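User: I have a model open here and would like to talk through it before I set anything up. Can we start with how the helices pack?

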Amino acid sequence: MLIHFPIVFWAVAAVAYGLAAAGASESIVLIAKFANGAGLIAAMLAMVAGLLELRFIDMSSEAMRVATQHMMVMATVWLCFLLALLLSISTGLERSSAQLAAGACAGAGFVLMGVGGWLGGRLVYEFGIAVKTRRDDR
Ligand code: HEM
């Protein structure tokens, strides 16, 4: 349930960072920063939920291997967007270079989020992690 929030916030942020790097107005930069900040916070909640779910996966299973990959990729995504935020609020860099670098980080984070999401999907649809079956209800 929680994962939809970081995905939407970061998707908005990535588009806004892209527009900002292309020279869009200061209000677009503001949207990018706020959407990114909200994505970073929402992702932390998704990470806590994900870490709690790990307890129910067999340590030596293929599902745990995929879960570990998923966790590593999502942690990298988080760092990419954190870097984008730091670059967009930093005052040390020249404005256009900072926007360009922030756009590149957000773009990389967005692409990696697709990879991490696919791995998360494997956990649910291939390995049935956190899936309640009808038999469970009986
Ligand atoms: C420490 C970090 C994380 C861990 C350990 C983790 C772990 C898991 C686990 C165990 C699942 C399968 C069961 C479930 O749905 O609960 C899952 C699914 C998923 N996770 Fe994560 N997760 C983490 C972070 C994230 C973040 C930050 C996002 C989003 C930006 C995310 C996106 C997804 C997606 C899209 C799925 C598939 C859900 C579905 O298809 O229903 N995860 N994750």
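User: In which hand does H1 pass H4, left-handed or right-handed?

Analyst: Bearing in mind that this is a predicted model, H1 passes H4 in a left-handed crossing, and the two axes come within 8 Å and cross at roughly 145°.

User: Which residues make that contact?

Analyst: On the H1 side they include Ile-7, Trp-10, Ala-14, Tyr-17 and Gly-18, while those of H4 include Leu-100, Gly-103, Ala-106, Gly-107, Phe-110 and Met-113. By class, the residues of the contact of H1 with H4 divide into 13 nonpolar, five polar and no charged.

User: OK, switching to the ligand: how many residues surround it, and which are the closest?

Analyst: The ligand is surrounded by 22 residues, and the closest are Met-47, Gly-50, Gly-120, Leu-123 and Ala-130.

User: Which helix gives the most to that shell?

Analyst: That is H2, with seven residues, although helix H1 (4-21), helix H2 (26-54), helix H3 (62-89) and helix H4 (95-126) each supply at least two residues.

User: And how does the shell divide into nonpolar, polar and charged?

Analyst: The shell around the ligand holds 16 nonpolar residues, five polar ones and one charged.

User: What share of the residues count as buried?

Analyst: Of the 138 residues, 28% count as buried; as for contacts with a separation of 6 or more, 71% are accounted for by residues 24 or more positions apart.

Conventions
Residues numbered from 1 in each chain as written. Predicted model: local features only at pLDDT ≥ 70, side-chain atom pairs only at ≥ 80, totals over all residues. Near = placed C-beta within 6 Å. Helix = DSSP H or I, 4+ residues; strand = E, 2+ residues; numbered from the N terminus. Nonpolar A, V, L, I, M, F, W, Y, C, P; charged D, E, K, R; others polar. Buried ≥ 20, exposed ≤ 12 C-beta atoms within 10 Å, placed from the backbone. Contact = placed C-beta atoms within 7 Å. Axes fitted to C-alpha atoms, helices over the stretch in contact; angles between N-to-C directions. Left-handed = near helix turned anticlockwise from the far one by under 90°.
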